[in-house]
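Student: Hey, could you walk me through this model before I set anything up?

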Amino acid sequence: MAAGFDEVEPDMEHRLTTFEGGAAPRGIASGAFPASDLGEDMTAGFSGQVSDDHDVAHAAGGLLTEAWARIAARMKSEVGEVEYRTWLQQIVLGPVDGDEVTLLLPTRFLRDWVRSQYGDRLSTLWNQEIPALRRVELQVMRPGDRPAVATTEQAAPIVPGRRVVDVPEAPAPVVERVQDARSDLVAPLDPRFTFDSFVVGKPNEFAYACARRVAEKPSSPGFNPLFLYGGVGLGKTHLMHAIGSELTREGRVSVAYMSAEKFMYRFIGAIRSQSTIEFKEQLRSVDVLMIDDLQFLIGKDNTQEEFFHTFNALVDAGRQIVVSADKSPSDLSGLEDRLRTRLGCGMVADIHATTFELRISILEAKATASGVPVPAKVLEFLAHKITTNVRELEGALNRLIAHANLFGRPVTLEATQEVLHDILKAHDRRVTIEEIQRKVSEHWNIRLTDMSSARRARAVARPRQVAMYLAKQLTSRSLPEIGRKFGNRDHTTVMHAVQRVTELMERDTAFAEDVELLRRMLES
Ligand SMILES: Nc1ncnc2c1ncn2[C@@H]1O[C@H](COP(=O)(O)OP(=O)(O)OP(=O)(O)O)[C@@H](O)[C@H]1O
């Protein structure tokens, strides 16, 4: 695929002047730059210069590099590793000109993005480091440009098409590398969302298999586009990131991942800045384009149109498209028909709602990864209680784990109820006596009819008493009403059952836990 610097504007004003024996920067020896030391005579910068006063230039270059190292480290800590790697890592320190420092970026798109998103912050940080510097100029680098480094001999020329040019002697935090120009479309991929960390079960095994297939062999016939759909928080984004991570791991292919919302904002931004051609070229130069939450484009006709053309251009060129949405293509009413048709003509894979078993497996995997022991009863309780959304389930478990770590207390059912009080309340619902009877029968493996039968064997009578106890606890039914539902028993029988279960719970903790678990399940 076309690489590198084709996208650099040829007519870009080239500001990297070469110092040709004029005044070299003076008075810069060590420590921070005093404001007065960076005056007009720094106009030459440090790029490719041949200095009469080699030591001074070296010192100034070194200080600039150090200042840049601190700024880059600061930016990294502010925006986070992933964002830094995506947008800022490719910046190369250019020359200083008067009160202006130049930072070089490999493409115009990236320059515009960094300027709009981080320009002000970069200016502030430079100004804090070197008060005399008042402006940060962002420029597109050109083939042959030399990044500013401490000495001229060490400045490596930038070679078009070369994937990585390392600048020697750069201090650790500054990664002055020029990467493939297309990489500026690579949105942050969450490193936690891998195939390995995705728990596979019946509801998602087909989507998982399709995602794996695309990651192994992009653009395979029948798998392009791959359309993943399913309810909120069921793992669509996770699978897309996993595909992206797998494909980019060895730098095999370029992947652009973004939400449909971001796609729209970028498109609008490109229209505003009159750079739609660059935007389109950027998009159409990737090997794999992944658009998340496509339903966002419903009603956004212009963006849909743009996406449709991009889609066609990429598929026609044999590139892979992966799209996710909350509904199948045919159910996405509000999307243009021709787009829906095209979206549906590759592989459409749905992720079904989770089953109890899958939720337990996900919780087990996440609890194990956390290193905090979480009792099986707590996992079961959570899996019963939070049924709709893996994100919420995960959030609840994370909160429990954080709580356990913070206070050094073990995770118990009681603690769970306390810590997750608000989440659990949101999942509360009314319980019926029939549900109680069903759950209790399932739990002790007896027939449902035994709830109202006359059998008095303990294996049947004890669960029946528990069901009566729970009916009293969880419903607003009176004792006679409860009695009637249990084979027309007398209200005194119900009263006796409640007392008996209460006593047993006090004496027998295992029994008490069983009853508590049932209660919490029923409340879910
Ligand atoms: N099968 C799974 N195994 C492990 N983690 C999962 C699984 N399914 C979902 N998750 C986790 O649940 C969270 C939500 O998943 P994700 O963001 O992928 O959902 P989504 O389907 O894209 O949701 P949305 O509709 O909101 O975009 C993530 O943290 C993800 O890692």
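Student: What kind of model is it, and how are residues numbered?
Tutor: It's a predicted model, where local features need pLDDT of at least 70, side-chain atom pairs count only at pLDDT 80 or more, and totals for chains, interfaces and linings use all residues. Residues are numbered from 1 along each chain as its sequence is written.

Student: How many helices and strands are there in the protein?
Tutor: The protein has 19 helices and eight strands. Those are DSSP runs numbered from the N terminus, with helices being H or I of at least four residues and strands E of at least two.

Student: And how many of the 524 residues count as buried?
Tutor: 40% of them do. Buried means 20 or more other C-beta atoms within 10 Å of the residue's own, exposed means 12 or fewer, and partly exposed is in between, with C-beta atoms placed from the backbone.

Student: OK, ligand time. Which residues are closest to the ligand?
Tutor: Gly235, Lys236, Thr237, His238 and Val390 are the closest of the 19 residues that surround the ligand. Helix 5 and helix 12 (390-407) are the elements that give two or more residues to that shell. Being near here means that a residue's C-beta atom, placed from the backbone, lies within 6 Å of the molecule.

Student: Where does the ligand lie relative to the domains?
Tutor: It lies between domain 2 (202-351) and domain 3 (356-413), because both give residues to the shell around the ligand. The domain bounds come from an automatic or database domain assignment.

Student: Which residues does UniProt list for "binding site"?
Tutor: The unreviewed UniProt entry lists Gly233, Gly235, Lys236 and Thr237. UniProt positions are given in the numbering used here, feature names are shortened, and annotations may be inferred rather than shown by experiment.

Student: Where is Gly233 placed?
Tutor: Gly233 is in the loop between strand 4 (226-230) and helix 5 (236-248). Leaving aside neighbours within four places in sequence, Gly233 is in contact with Asn389, Val390, Arg391 and Glu392. Contact means that the two C-beta atoms, placed from the backbone, lie within 7 Å.

Student: And Thr237, what does that one touch?
Tutor: Not counting residues up to four places away in sequence, Thr237 touches Phe193, Asp292 and Ser324. Thr237 lies in helix 5.

Student: Why does Thr237 count as partly exposed?
Tutor: Because Thr237 has 19 C-beta neighbours inside 10 Å.

Student: Switching topic: which residues in helix 19 are buried?
Tutor: Val515, Leu518, Arg520 and Leu522 are. Among the elements covering the buried residues of helix 19 are helix 11 (376-385) and helix 18 (491-507).

Student: What about phi of Asn445?
Tutor: Phi of Asn445 is near 60°, a positive value in a residue other than glycine. Asn445 is in the loop between helix 15 and helix 16. Phi of Asn488 is positive too, near 55°, and Asn488 lies in the loop between helix 17 (479-485) and helix 18.
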